[in-house]
Amino acid sequence: MSRTDGSGRQSRARALASRLNGRPLVLVGMMGAGKTTVGRRIANRLGRQFIDSDEEIERAAQMSIPEIFEQRGEDEFRAGEMRVIARLLREKDIVLATGGGAFVNPDTRALVKSGAVSVWLKADLDLLFERVSRRANRPLLKTADPRGTLEKLIEDRYPIYAEADLTVVSRDVPQDNVAGDVIVALLNHFKKEQA
């Protein structure tokens, strides 16, 4: 990266940090969209703390998400997820990556919309399936047809994710590029809001 690229990147990050004015930045989208990886890079550029809501839920419950699903069921998991996200949204200057189903919950979505700026990282089925197939810790995909299940989740969830403040496409490129796309999209979003 050249010096001018680096200084342009820094000035965009400073401008965005100023526009956010402490409000949490929340990444929503399907499992495998890159919320955690991209979120860490955005937080690094903005000088913010990165938080993964799934890690916080596991810490609060003192068990893994697959264990919560197995022992307590999805409804109990979603209720705990909402409590954890409500607590996290009171923090200033964070980038929060949420689990795939968090924004689908109407109460959690209302909390995010009222107190944060939300970005949907949108990815196509092939990219998502290729990414989630690498890990066996996805309780919702423990079915006879994981690809079909993922396809159904996309069908159900994409209209809801579209309610986020803005959408950025997650592509099969270095995640640093996607982080840059998010920052530019947010700056454009704030410019439009101001106009």
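This is a predicted model: local features need pLDDT of at least 70, side-chain atom pairs count only at pLDDT 80 or more; totals for chains, interfaces and linings use all residues.

Colleague: At what angle do the axes of helix 3 and helix 4 cross?

Modeller: Roughly 110°, and the axes of helix 3 (residues 53-61) and helix 4 (residues 65-88) come within 9 Å. That makes helix 3 roughly perpendicular to helix 4 (65 to 115 degrees; under 35 is roughly parallel, over 145 roughly antiparallel, the rest oblique).

Colleague: Which residues in helix 3 meet helix 4?

Modeller: Among them are Ile57, Ala60 and Ala61, and the helix 4 side includes Ile65, Ile68 and Phe77 (contact means heavy atoms within 4.5 Å). The residues of this contact between helix 3 and helix 4 divide into nine nonpolar, one polar and six charged.

Colleague: And helix 2 with helix 8, what angle there?

Modeller: Helix 2 (residues 35-46) and helix 8 (residues 175-194) pack at about 60°, with axes 9 Å apart. That makes helix 2 oblique to helix 8. The crossing of helix 2 with helix 8 is right-handed.

Colleague: Changing topic: how many aromatic pairs does the structure hold?

Modeller: Four (ring centres within 6.5 Å, using the six-membered ring for Trp; planes under 30 degrees apart are stacked, over 60 edge-to-face, the rest tilted). One of them is Trp120 with Tyr158, edge-to-face, at 4.9 Å centre to centre and 75° between the planes. Trp120 lies in strand 4 (residues 117-122) and Tyr158 in helix 7 (residues 146-161), so the pair ties together parts that are 38 residues apart in sequence.

Colleague: Are Trp120 and Tyr158 buried or exposed?

Modeller: Both Trp120 and Tyr158 are buried (under 20% relative accessible area; over 50% is exposed, in between partly exposed, with a 1.4 Å probe and protein chains only). For Trp120 the relative accessible area is 4%.

Colleague: What about the rings of Trp120 and Tyr161?

Modeller: Their centres are 5.7 Å apart and the planes are at 45°, so the pair of Trp120 and Tyr161 is tilted. Tyr161 counts as buried, at 0% relative accessibility. Trp120, Tyr158 and Tyr161 form one aromatic cluster.

Conventions: Residues are numbered from 1 along each chain as its sequence is written. Side-chain values use heavy atoms; hydrogens and water are left out. Axes are lines fitted to C-alpha atoms, for helices over the stretch in contact, and angles run from 0 to 180 degrees between N-to-C directions. Helices (H or I, at least four residues) and strands (E, at least two) are DSSP runs, numbered from the N terminus. Ala, Val, Leu, Ile, Met, Phe, Trp, Tyr, Cys and Pro count as nonpolar, Asp, Glu, Lys and Arg as charged, and the others, Gly among them, as polar. A crossing is left-handed if the near helix is turned anticlockwise from the far one by less than a right angle, and right-handed if clockwise.
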